[in-house]
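Please look at the sequence and structure first.

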Amino acid sequence: MSEFLASVERRAFKQCVYAVRDEDAALDIVQDSMMKLAEKYSTRPIEELPLLFQRITQNSIRDYYRRSKTRSTWISSFSSFGKSGEDNEDHDILETLETENEGNISPSPSAQLEQSQTLKIIEDAIEKLPARQREAFLLRYWEELNVAETAEAMGCTEGSVKTHCSRATDTLSKLLLAKGLSLESVLK
């Protein structure tokens, strides 16, 4: 169980940050989800844990929004996500995009600037998606869940997942093309 939780904690954190746009709340959601998984499903086979964890995490995100709505509080803007001086341990998943300079060689300053600008464009485009489309897109293309697993994690039908993903990729494609990027090059 510990190895599984260690392997998913960063991705789950980033997924929650994208969903709730608040690093502290995202950390709480991930920790609560991990505790629920460990308490209720520790005897389950390891193959079942990824879907169970995704389902628990998605439900925790929905609970967060319900509580926020009840308390009439609003979350911080997505742009505050990339603070300077962040600890490298909590790097952005988008920073793992392939670069021309693989290995230990640092990319040139111009390549680093281009990459950071590309990441900002992508983050802004993802932020503009409706919540369910963003959730489906992140689960399908970043978490690499199949349609059935995504439907189970989101608590909807496979048809809904396909619709949300189709609309999300169409919207992202248009937003990225307007900025000079293609969705296909981003998803590689």
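## Aromatic pairs, cores and helix packing

The structure holds two aromatic pairs; rings of Phe, Tyr and Trp (its six-membered ring) pair if their centres lie within 6.5 Å, and planes under 30 degrees apart count as stacked, over 60 as edge-to-face and the rest as tilted. This is a predicted model, in which local features need pLDDT of at least 70 and side-chain atom pairs count only at pLDDT 80 or more, while totals for chains, interfaces and linings use all residues. Residues are numbered from 1 along each chain as its sequence is written, and side-chain values use heavy atoms, with hydrogens and water left out.

| Pair | Centre to centre | Angle between planes | Class |
|---|---|---|---|
| Phe-4 and Phe-53 | 6.1 Å | 85° | edge-to-face |
| Phe-137 and Tyr-141 | 5.2 Å | 45° | tilted |

Helices here are DSSP runs (H or I, at least four residues), numbered from the N terminus. Phe-4 and Phe-53 are both buried, where buried means under 20% relative accessible area, exposed over 50%, and partly exposed in between (1.4 Å probe, protein chains only).

Phe-137 and Tyr-141 are four residues apart in helix 5 (residues 131-142), so about one helical turn separates them. Phe-137 has 3% relative accessibility and therefore counts as buried; Tyr-141, at 32%, counts as partly exposed. Arg-140 lies over the face of Tyr-141, 5.8 Å from the ring centre. For such a contact, NZ of Lys or CZ of Arg must be within 6 Å of the ring centre and within 35 degrees of the ring normal.

The largest nonpolar core has 21 residues, of which Phe-4, Val-20, Leu-37 and Phe-53 touch the most other members. Helix 1 (2-20), helix 2 (23-41) and helix 3 (49-71) each supply at least two residues of this core, and helix 1 gives the most, with nine residues. Apart from this core lies another, of 12 residues, including Ala-125, Leu-138, Leu-176 and Leu-181. A nonpolar core is a set of buried Ala, Val, Leu, Ile, Met, Phe, Trp, Tyr and Cys residues joined through side-chain atoms within 4.5 Å.

Helix 1 and helix 2 pack with their axes 8 Å apart, at an angle of about 140°. That makes helix 1 oblique to helix 2.

How values were computed:
Axes fitted to C-alpha atoms, helices over the stretch in contact; angles between N-to-C directions. Parallel < 35°, antiparallel > 145°, perpendicular 65-115°, else oblique.
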